[in-house]
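The sequence and the coordinates are shown below.

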Amino acid sequence: MEFSTATLKALVDLARKGEGRTRPNPPVGAFVLDAQGVVVGKGYHRRAGMNHAEVEAIADWKKRNPKVAAHTLLVTLEPCSRPGRVGACTDAIIAAEIPRVVYLCRDPNPKNRDKAKRTLAHHGIECRHLKFAPAEELIRPFAKHVTTGMPYVTVKLAMSLDGRIADSCGDARWVSSEKSRKRTGELRERVDAIMVGGETVRRDNPSLLPHGKANPHLVRVVVSKSGKLPPDAQVFSDGKNETLVYRDAVEAVRDLGRRGMMHVLCEGGLKLATSLAESGLVDEWLTVLCPKVIGTRRIGEAVVFGGGKTEDVFVCSRA
Ligand code: AOF
Ligand code: ZN
């Protein structure tokens, strides 16, 4: 069976619903398809300890379309073949008598890597890998964490055309357009922790929370050498998500890895970004280039190009 790119993208989008909520497990999505390639069951992994995507999709198929024969199970990640917190998905696939499995990404977890094919073949189930780059992208943070114990670190910085940097949580008048703030806001919903330096907390008093849907799993992190932080800052006093404080960037990243965090987003300031870079801890730089010139002016009085209508440019570079 051939799969349209639209079907594969829809599956990755389904898996994405779990992003920022599954740690230390990967976000995964699965479809059960009939012989015509119609989706008759779907599911995604919501949280560690809960059903894997495959089991969710099989249950959905049995509930909604019990009379339709399953032709293929399509899943973003290779099914697990050894039990962990929950049973092995290969067992669930065998029990459901689904004749074919197609997965879009190999499992970086050594416990399961490249094992599904053989296990399923013993039961006459055909299993193949159909490489799809967006499915690999999706589990980059999981892959880093499961193989090294360290989280994947993304550093986001906004910059004017004349190279002036400000933190995303700072003076929004110049930093980035509404559209790009929305885009970086979405990134906050997909990570496990948002990290800033003490100076950012003292100066900008950010909430460090996504603007849209609340995510109780998201942890806020402040790195401050002096530890002198205002107790009435939002991150400590709003009664919302947990906030951890560290004296040192390296110690912070290591401990977050130990706590199962797979993806940490650093939103400034420059001092913290520099410490992370010097320690070789940055996996990805997300630079938002804003069509403004600050020159010698104050940040709020930057010269804005294109009447404010020219969009910011996102530059993503991997270490
Ligand atoms: C998931 N969700 O949908 C799939 C996973 O501790 P466990 O039993 O939940 O197993 C976690 C491992 O299972 C994980 O490291 C990965 O190798 C594999 N696949 N995990 O959490 C899923 N399909
Ligand atoms: Zn599984």
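The text that follows treats the ligand site, a surface patch and the salt bridges.

The model is predicted, so local features need pLDDT of at least 70 and side-chain atom pairs count only at pLDDT 80 or more, while totals for chains, interfaces and linings use all residues. Residues are numbered from 1 along each chain as its sequence is written, chains are lettered from A and ligands numbered from 1 in the order in which they are written, and side-chain values use heavy atoms, with hydrogens and water left out.

**Ligand site**

The table lists polar contacts of the ligand, that is, pairs of N or O atoms within 3.5 Å.

| Side chain | Ligand atom | Distance |
|---|---|---|
| His-52 | oxygen of ligand 1 | 2.7 Å |
| Asp-107 | oxygen of ligand 1 | 2.4 Å |
| Asn-112 | oxygen of ligand 1 | 3.0 Å |

On its own, ligand 1 has 480 Å² of accessible area, and the protein covers 96% of this (Shrake-Rupley method, 1.4 Å probe).

**Surface patch**

A nonpolar patch on the surface consists of Leu-161, Val-303 and Phe-305, which together have about 250 Å² of accessible area. Such patches are made of residues with over 30% relative accessible area and no salt bridge, nonpolar side chains being joined within 5 Å and like charges within 9 Å. Phe-305 belongs to the loop between strand 14 (303-304) and strand 15 (313-318); strands are DSSP runs of at least two residues (E), and helices are runs of at least four (H or I).

**Salt bridges**

The structure holds 18 salt bridges, each defined by a side-chain nitrogen of Lys or Arg within 4 Å of a carboxyl oxygen of Asp or Glu. One of them joins Asp-283 and Lys-144 at 3.0 Å, N to O. Asp-283 lies in the loop between helix 12 (270-278) and strand 12 (284-290) and Lys-144 in helix 6 (residues 140-148), so the pair ties together parts that are 139 residues apart in sequence. Asp-283 counts as buried at 14% relative accessibility, whereas Lys-144, at 21%, is partly exposed (buried means under 20%, exposed over 50%, partly exposed in between; 1.4 Å probe, protein chains only).

Glu-137, Arg-140, Glu-284 and Arg-318 are joined into one network by salt bridges that share partners. Within this group, Arg-140 pairs with Glu-137, their closest N and O atoms being 3.4 Å apart.

Definitions and conventions
A polar contact is a pair of N or O atoms within 3.5 Å; within protein, one must be able to donate a hydrogen and the other to accept it, and residues adjacent in sequence count only if both atoms are side-chain atoms.
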